[in-house]
Amino acid sequence: MSFSVTVSWPPATHGSHHTAQNSEPLQREPLQREPLAKDSGTGPKQISRDHQLSFASGQVVAGSAAPEFLGSQDRVNPEESLLSALAACHMLSFLTIVEKKRLTLLSYRDEAWAELGRNEKGQMAITRIALNPEVELAPPLSEEQLTKLHALAHKHCFIANSLAKEIAIEIAPRQRR
């Protein structure tokens, strides 16, 4: 099983192609509760994997397990959350380095993906992550310079430094020209 997230910079504005289908905020009060178990009528009740993630910033995200693990397709799952955290952290580290080097970054987009598999203990785990950042710099850098910038960003990424060594994190940067 694999999954993907997209991290973009600069952020989309209202006039751009953006796929949010409902821009109304999730209701917080009164708390609407659904039954913990859903009765399919064909066997034992299934416990819903749907949940809500609330952040200190006030952001609320609808979460669930991945559909392959009885979750909802239209909600963020923990594997996607981990992948997006790594991709965003790498991007933020890259932005900081670019700024310190006084380079001109025009855009950044990462089509990151990850794979679930069995680790060396035979447990289900994220076993591989690939970051595929595409950047547009003015003026463009050499491929060697770009690779060095991404290696430095990876070295300084808090999330990458927190992940187990068993996860193979690959970075394949490319430059838009």
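The questions and answers below set values against definitions.

Guide: This is a predicted model, in which local features need pLDDT of at least 70, side-chain atom pairs count only at pLDDT 80 or more, and totals for chains, interfaces and linings use all residues. Residues are numbered from 1 along each chain as its sequence is written, and side-chain values use heavy atoms, with hydrogens and water left out.

Visitor: How do you know what confidence the chain averages?

Guide: From pLDDT, the predictor's confidence in each residue, from 0 to 100. The chain averages 79, and 75% of the residues score at least 70.

Visitor: Over which residues does pLDDT stay under 50?

Guide: Over residues 11-34, for which the model has five contacts beyond four places in sequence; contact means heavy atoms within 4.5 Å. Where pLDDT is low, the predicted coordinates should not be read in detail.

Visitor: What makes a run a helix or a strand, and how many of them are there in the chain?

Guide: Both are DSSP runs, numbered from the N terminus: helices are H or I with at least four residues, strands are E with at least two. The chain has three helices and ten strands, in the order β-β-β-β-β-α-β-β-β-α-α-β-β.

Visitor: Why is Cys89 called buried?

Guide: Buried means under 20% relative accessible area, exposed over 50%, and partly exposed in between (1.4 Å probe, protein chains only). Cys89 has 12% relative accessibility, so Cys89 counts as buried. Cys157, at 0%, is buried too. Of the 177 residues in the chain, 30% are buried.

Visitor: What makes Arg176 and Glu134 a salt bridge?

Guide: A salt bridge is a side-chain nitrogen of Lys or Arg within 4 Å of a carboxyl oxygen of Asp or Glu. Here the closest N and O atoms are 3.2 Å apart, and the pair qualifies. Arg176 lies in the segment after strand S10 (174-175) and Glu134 in strand S8 (residues 133-138), so the pair ties together parts that are 42 residues apart in sequence. Glu134 is buried because its relative accessible area is 18%, whereas Arg176, at 33%, is partly exposed.

Visitor: What is the N to O distance between Glu136 and Arg176?

Guide: It is 3.8 Å, and their side chains meet in a salt bridge. Glu136 in strand S8 and Arg176 in the segment after S10 are 40 residues apart, and the pair links distant parts of the chain. At 23% relative accessibility, Glu136 is partly exposed. Glu134, Glu136, Arg174 and Arg176 are linked in a network of salt bridges.

Visitor: Where do Glu144 and Lys148 lie?

Guide: Both are in helix H2 (residues 143-156), four residues apart, about one turn of the helix. Glu144, at 55%, counts as exposed, and so does Lys148 at 56%. The whole structure has eight salt bridges.

Visitor: Which residues make a nonpolar surface patch?

Guide: Met1, Phe69 and Met124 make one of about 270 Å². Patches are made of residues with over 30% relative accessible area and no salt bridge; like charges are joined within 9 Å, nonpolar side chains (Val, Leu, Ile, Met, Phe, Trp, Tyr) within 5 Å. Areas come from the Shrake-Rupley method with a 1.4 Å probe; for residues, only the protein chains shown count as cover. Met1 is partly exposed at 34%, and is found in the segment before strand S1 (2-9).
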